[in-house]
Amino acid sequence: MNETINIGLIGFGTIGSGFIATLNQNTNLIEEKVHKKVKLKRVVDLDITTDRGVEVDHEILSTNVDDILEDDEIDIVIELIGGYQPALNFILKAMENGKHVVTANKALLAKHWQEIIDCASKNRVRICFEASVGGGIPLLAPLNDGLAANNIKTVYGIINGTANYILSKMADAELDFDVVLKEAQLMGYAEQDPTFDIEGHDTAQKLIILSMLSFGVYVEQDNFHVEGITKITPDDIKFAREELNSVVKLLAIAQIDEEGELEIRVHPTLVPQNHLLASVNNVFNAVYIVGDIVGPVLMYGQGAGMMPTASAVVADCIDIIQDMKKPAEYGPTPGKVKKIKDMSDVESKYYMRITALDKTGVLHSISGILSDHNISIESVSQKKANHGEAIPIFMITHHSLEKNMQKAIQLIDKLDFVKEETLIIRLL
């Protein structure tokens with residue numbers, strides 16, 4: 001172990017603290033795996049005075065990022081500050097200076113994928129980002145390595161712990177969305193501004209990375225359907241459980257057909273209780289992958305948090321140290337995907353919740369609109385109510401085209417006896 005690998009850490013926040021704690025606890029284990037000394041040479045953050053609760057040599061703390069980027073002795077740069085800038089500039093400069101990079105920054109990768117990958121290739125360095133999707137779950141490396149013999153056919157992911165916690169708690173306690181969200185914020189499971197998580201944007205960014213590694217195609221978020229969970233009610237969850245033996249999950253979906261047409265979308269989905277993903281609850285994440293050779297594979301674990309995410313960051317460092325000259329691979333070669341399917345052409349069964357006055361002719365009018373748009377009804381259910389009271393009507397359709405469903409909903413919501421915006425949830 002004469003050779004020493006020097007690491008520079010940019011970002012001494014929650015995950016950065018977890019990274020240092022992991023090194024402190026398992027340095028011997030790590031060095032036995034890589035057969036080299038591993039040294040944290042520099043830690044850079046704007047705040048180097050606040051106690052993070054981890055032991056660190058104060059001599060290596062700095063507020064100047066060039067103490068890492070311009071240090072020729074540093075081999076690996078870890079970026080854990082998040083956001084777009086200055087993180088992008090730091091990563092690019094590190095690679096231009098011949099340093100390998102580890103990041104957990106899914107937002108940056110999702111937006112600047114090609115620029116980052118091209119820079120790594122040009123400078124013959126590696127960039128690893130296992131922690132960007134699924135926290136501590138070993139997920140991205142297996143797509144490149146353990147599943148390398150497969151053409152990936154399907155990727156379904158529950159990859160946002162905040163949304164999954166809220167839906168799980170709503171189901172268990174039969175509470176409204178707003179009540180559970182406030183509880184999640186108090187417990188630290190949701191940000192004070194939770195928009196990014198509950199509206200599906202965080203899930204979408206992770207799906208971009210998963211799709212790149214699974215299908216070899218980069219799809220910007222603006223080019224696929226993204227929908228959050230804010231409209232889900234306890235009534236929806238209860239109906240799904242009691243009538244359909246299903247659960248509601250915020251699902252990331254990417255799947256390719258035999259003609260090379262890729263579906264990519266994020267939205268609440270009714271998942272059958274007998275599906276492996278149905279039992280993934282609270283803040284846990286899981287990704288269900290189907291390969292043409294291996295069949296279905298489920299990867300499950302803690303999708304966020306200081307130590308699980310730090311575990312993935314350290315794993316990337318180990319991977320780089322073990323083979324710094326390994327050619328970087330980021331999914332299958334382009335060409336597998338011939339076309340991105342427009343959301344309007346997606347076909348699905350649908351759950352519908354229509355809130356309408358209980359009066360004569362309501363179901364006739366609604367079913368007429370659905371029929372006019374080639375949507376066949378499988379079942380209808382409604383609560384008992386006094387005549388003239390607004391109540392939810394629950395419908396399940398047979399397989400229908402998304403564009404037909406959207407046109408039908410627009411007309412249904414214009415009916416004078418419909419009192420709330422109609423909700424649809426697609427069935428897996």
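Guide: Let us begin with accessibility: a residue is called buried under 20% relative accessible area, exposed over 50%, and partly exposed in between, calculated with a 1.4 Å probe on protein chains only. This is a predicted model, in which local features need pLDDT of at least 70 and side-chain atom pairs count only at pLDDT 80 or more, while totals for chains, interfaces and linings use all residues. Residues are numbered from 1 along each chain as its sequence is written, and side-chain values use heavy atoms, with hydrogens and water left out.

Visitor: How many aromatic pairs does a search of the whole structure find?

Guide: A pair of aromatic rings is described by the distance of the centres and the angle of the planes. Rings of Phe, Tyr and Trp (its six-membered ring) pair if their centres lie within 6.5 Å, and the planes count as stacked under 30 degrees apart, edge-to-face over 60 and tilted otherwise. The search of the whole structure finds 9 such pairs. In one of them, Trp113 and Tyr330 have ring centres 6.1 Å apart and planes at 90°, so the pair is edge-to-face. Helices (H or I, at least four residues) and strands (E, at least two) are DSSP runs numbered from the N terminus, and with that in mind the pair links distant parts of the chain, since Trp113 belongs to helix 4 (residues 106-122) and Tyr330 to the loop between helix 11 (306-322) and strand 13 (339-340), 217 residues apart.

Visitor: Are Trp113 and Tyr330 buried or exposed?

Guide: Trp113 counts as buried at 3% relative accessibility, and Tyr330 counts as buried at 13%. Another aromatic pair, Phe239 with Tyr351, is tilted, at 5.5 Å centre to centre and 45° between the planes. That pair also links distant parts of the chain, with Phe239 in helix 10 (residues 234-244) and Tyr351 in strand 15 (residues 350-357), 112 residues apart. Phe239 is buried at 8% relative accessibility, and Tyr351 is buried at 1%.

Visitor: Which ring does the charged end of Arg52 sit over?

Guide: A charge sits over a ring if NZ of Lys or CZ of Arg is within 6 Å of the ring centre and within 35 degrees of the ring normal. The charged end of Arg52 lies over the ring of Phe12, 4.4 Å from the ring centre. Lys111 is placed over the face of Tyr84, with 4.5 Å to the ring centre.

Visitor: At what angle do helix 1 and helix 11 pack?

Guide: Two packed helices are described by the angle between their axes and the distance between the axes. Axes are lines fitted to C-alpha atoms, for helices over the stretch in contact, and angles run from 0 to 180 degrees between N-to-C directions. Helix 1 (residues 14-34) packs with helix 11 at an angle of about 45°, the axes being 8 Å apart. That angle makes helix 1 oblique to helix 11, where under 35 degrees is roughly parallel, over 145 roughly antiparallel, 65 to 115 roughly perpendicular and the rest oblique.

Visitor: Which residues make the contact between helix 1 and helix 11?

Guide: With contact taken as heavy atoms within 4.5 Å, the residues involved include Phe19, Ala21 and Ile30 of helix 1, and Val313, Val314 and Cys317 of helix 11.
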